Amino acid sequence: MFSKTKSEIIPGSLLAHHHNAGFTYTPVFFDLNIEEQKQNLLEIIENNNRIEVFDSIVAQVSEYLKCVKPSLALLPKIEFEKLVEQRFADKSTDYYGIWVFYPWNNRLVHLLNEEEFREVRTNRNKYKITSEEQHTLSQKKIGIMGLSVGQSVALTLAMERGFGELRIADFDALDLSNLNRIRTGTHHIGLPKTVIVAREIAELDPYLKVTCFHEGITADNLDIFLNGNSKLDLLIDECDSFDIKINARKKAKALGIPVLMEGSDRGTIDIERFDLEPQRPVLHGMVDHLDMDNYANLKTMEERLPYISAVTGIETLSPRMKASAVELMATISTWPQLASAVTFGGGVSADLSRKILLNQLNISGRFFLDLDELISDPNKNVQKQDDQKIKPWSVADIENYIKNNSFDQYVHNGIDLEEKELTLLVEAARKAPSGGNNQPWRWHYQNKALHLFLEESSAQAYLDPAFISSYISLGTAIENLLLTAATLKLKVNWQFTPLMLPKHIAVFSFERGFEADDLQLSLAAQITNRHTNRKITPKQLIPLDKLEYLSGLAEDIDGISCKFVSDTEKIALVSNIASHCDLLRMFIPEAYHDFVNREMRWNLDEVNSTEDGIGIHTLDLGNTDQVGIRLAKDEKAIQFLKTINGGSGFKRLTRDQLMASSCLGLISGADISALSYLRAGLATERLWLGATDIKIQLHPLNVPLIFFYKNSIENNLSIDSFEKEKLFNLENDLRGIFELDEQQHPMFMFRLFIASSSPERTIRKSTYKIFSSGR
């Protein structure tokens, strides 16, 4: 009756097909045993010369017979063919089963009726899925929000016939870039994703019921999606909208609908059994601290990021996804997804969906099916770098050191300080700044003298070559002690002990009857207020007289010079230098190890436990940069960024900070000796306290200077010759920008700006850890 074959079809234009079919996705059924349907089909064929006819009904009947009675497959071929012929009785094969017309591609397909079709379609599911289980699944309603990952989920569910009705929602049309993970053809570009998925399911199994929400999920249709025509038995969330994710879960929870989500990164699976746990918090309580009702009002990524990171679990992303997050809006425009992960996720989601709907899985939680962890080559790294285990100075160590070394040339006869005075002096010293807040000082009072030691257990970081960073820190602590002594009317007789470096730094003795001047009093008053400020605020100029005042404070220290640059172009040049070195710090394993393990404290428990390092909460970072710094904690992500020459996000923060500065400053010494770095520390603290006194904020920028020291002086950086040459050039550029002569050696760089004080301050070690007395 229908003799037209594929070879006779005249190809029509794609546009004509789309125009004729519109966005329809529902096939049309024709039973030739019903005269009206027969005439309607004949009319369609008569008026459409592009129809392709596919008739394999005899083969389908053969397969059906073998499915219902497998032993028939053992019959001789002739006998089995007779049984097949008997199935058709006296009628033409055209009248057996159903004819299905797909208007979007002009295909007419001859199929078994629904009952027989279902039997054959699910036959090879047995007995991983029993007939009773298959029947149960055929009564279930599943909703899928989002059809990028969701397309794979929907098609896998359809192949298993894991539902009776499928509701799919997505507002978007197919883009060319979607084809890296969505299994469809280029001829579908521009079509709604809902239409594409519904058509693919209809071509796979026209008897399955698919309901489309082409506008996606909105506040107006969410109730209908979840509860219209009876409620869903399972909600599968694969959408990108975070307010929809949360609102859908809130309503699903109220309705007792379980929720399943697959993240396509690390095989992340979320299961929330609201049907079994009606009081369960949405998304395992990860968003309880957020006002999700306000999410729709947020305009910027900076505002939305706390919500996004709470849902995705930023720190549990795969290393490459973390690296990609750093590159977002720099070298890539959106979150990456791979077809392999999406396809894998479709299979996992369909499997879990079946188990949930059949009450074979009752658990809730977040799970990871990470193939990189489950199947991977053995780790070829011989060992991880560990911090050197240097023991802190003990009181016995210190007393033995003092006993075994002569201090006659350094110590003047002085008074015996009261305990209260000693406490005030040490408390002031411990408030000094230090590189990475490592606090490398150890104070000991004995025989009327106060000794300052280098606490090597707190020093020796990769970015503390020859203790130059620690020396600056020790100098700042000395300055705080001297200023505080002045307020106590104590005259301080003190000297560095250069012959005992690096273990012993300086020794102090005291006399009464000293009168502090106004400058000493004003600087001392700021010891408690001084802090590192990393804010980014609108740029404001600092008057020249204030800069001259600050440079004068620093240059009161012998051998120290201080220079400023305020020119925007010069600041931009320095920002390029600083951002390059900040990224280099991430890419050199030893420097990165120190940053993650020695310097940063990633939560308050770490802060309170160690009483050192820089708590992430003190960094004055916005939401975007807060997430970025957490992403840096993953070593594999950082190494991958190095492989792709990435890391633009880390550079951006440094550039933004510097370009918002009023000016940049540089303190230099007369040589590169330990004593020069100690003096630079005194000068740094004087300038910093002076800036605090006149409401100017300071942010240290010393990473480039330390890299220059390691490159030019020590020549021991584990980088290639090209990078070494680049660092030499950057060092020369910096010297030129600040107009340094050959006798000036840069020791401390910083930025100044106008802003409010930071609300959070870095912690300090308990006094008993840094001070002892041997009276």
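**Exercise 1. A pair in helix 21**

By about how many helical turns are Arg598 and Asp594 separated in helix 21?

*Solution.* The model is predicted.
- Step 1: Place the residues. Both lie in helix 21 (residues 589-599), four residues apart.
- Step 2: Recall the geometry. An α-helix has 3.6 residues a turn, so residues three or four places apart point the same way.
- Step 3: Look at the side chains. Those of Arg598 and Asp594 meet in a salt bridge, at 3.2 Å from N to O.
- Step 4: Asp594 has a relative accessible area of 7%, so Asp594 is buried.

**Exercise 2. Two further salt bridges**

Classify Arg118, Glu114, Glu277 and Arg280 as buried or partly exposed.

*Solution.* 
- Step 1: Buried means under 20% relative accessible area, exposed means over 50%, and partly exposed is in between.
- Step 2: Take Arg118 and Glu114. Their closest N and O atoms are 3.8 Å apart, and they form a salt bridge. Both residues belong to helix 5 (residues 114-121), four residues apart, about one turn of the helix.
- Step 3: Apply the cut-offs. Arg118 has 30% relative accessibility, so Arg118 counts as partly exposed. Glu114 has a relative accessible area of 35%, so Glu114 is partly exposed.
- Step 4: Take Glu277 and Arg280. A salt bridge joins their side chains, at 3.3 Å from N to O.
- Step 5: Apply the cut-offs again. Glu277, at 29%, is partly exposed. Arg280, at 15%, is buried.
- Step 6: Widen the view. The count of salt bridges comes to 35. Glu160, Asp351, Arg354 and Lys355 are linked in a network of such bridges.

**Exercise 3. The length of helix 8**

What span should helix 8 have at 1.5 Å a residue?

*Solution.* 
- Step 1: Count residues. Helix 8 (residues 193-204) has twelve.
- Step 2: Apply the rule. The expected span is 1.5 Å times one less than the number of residues. For helix 8 this should come to 16 Å.
- Step 3: Compare. The end C-alpha atoms of helix 8 are 17 Å apart, which agrees.
- Step 4: Check burial. Ten of the twelve residues are buried, and helix 8 is mostly covered. The buried residues include Lys193, Arg199 and Glu200.

**Exercise 4. Aromatic pairs**

Which geometry do the rings of Tyr102 and Trp104 have, and which do those of Phe213 and Phe225 have?

*Solution.* 
- Step 1: Note the total. The count comes to 17 aromatic pairs.
- Step 2: Take Tyr102 and Trp104. Their ring centres are 5.4 Å apart and their planes lie at 65°, so the pair is edge-to-face. Tyr102 and Trp104 are both buried.
- Step 3: Take Phe213 and Phe225. Here the centres are 5.0 Å apart and the planes at 80°, so this pair is edge-to-face.
- Step 4: Locate the second pair. Phe213 is in strand 7 (residues 209-213) and Phe225 in helix 9 (residues 222-227), so the pair ties together parts that are twelve residues apart in sequence. Phe213 and Phe225 are both buried.
- Step 5: The charged end of Arg530 sits over the ring of Trp688, 4.5 Å from its centre. That of Arg751 sits over the ring of Phe753, 4.1 Å from its centre.

**Exercise 5. The nonpolar cores**

Which residues have the most contacts inside the largest nonpolar core?

*Solution.* 
- Step 1: Identify them. They are Trp443, Phe508 and Leu752, in a core of 64 residues.
- Step 2: Find the main contributor. Helix 17 (residues 468-487) gives the most to this core, with ten residues.
- Step 3: A separate core of 59 residues includes Leu232, Tyr295, Met600 and Ile616.
- Step 4: Trace Phe508. Beyond its neighbours within four places in sequence, its contacts include Trp443, Ile478, Leu481, Leu482 and Trp494.
- Step 5: Trp443, Trp494, Phe496 and Phe508 form one aromatic cluster.

**Exercise 6. Around helix 11**

What covers the buried residues of helix 11?

*Solution.* 
- Step 1: List the residues. In helix 11 (residues 301-312), the buried ones include Leu305, Tyr307 and Ile308.
- Step 2: Name the cover. It includes helix 10 (242-255), strand 11 (365-368) and helix 23 (623-631).

Conventions
Residues numbered from 1 in each chain as written. Predicted model: local features only at pLDDT ≥ 70, side-chain atom pairs only at ≥ 80, totals over all residues. Heavy atoms only, no water. Core = buried A, V, L, I, M, F, W, Y, C linked by side-chain atoms within 4.5 Å. Buried < 20%, exposed > 50% of the residue type's maximum accessible area, 1.4 Å probe, protein only. Helix = DSSP H or I, 4+ residues; strand = E, 2+ residues; numbered from the N terminus. Contact = heavy atoms within 4.5 Å. Phe/Tyr/Trp six-rings, centres within 6.5 Å; stacked < 30°, edge-to-face > 60°. Lys NZ or Arg CZ within 6 Å of the ring centre and 35° of its normal. Salt bridge = Lys/Arg side-chain N within 4 Å of Asp/Glu carboxyl O.
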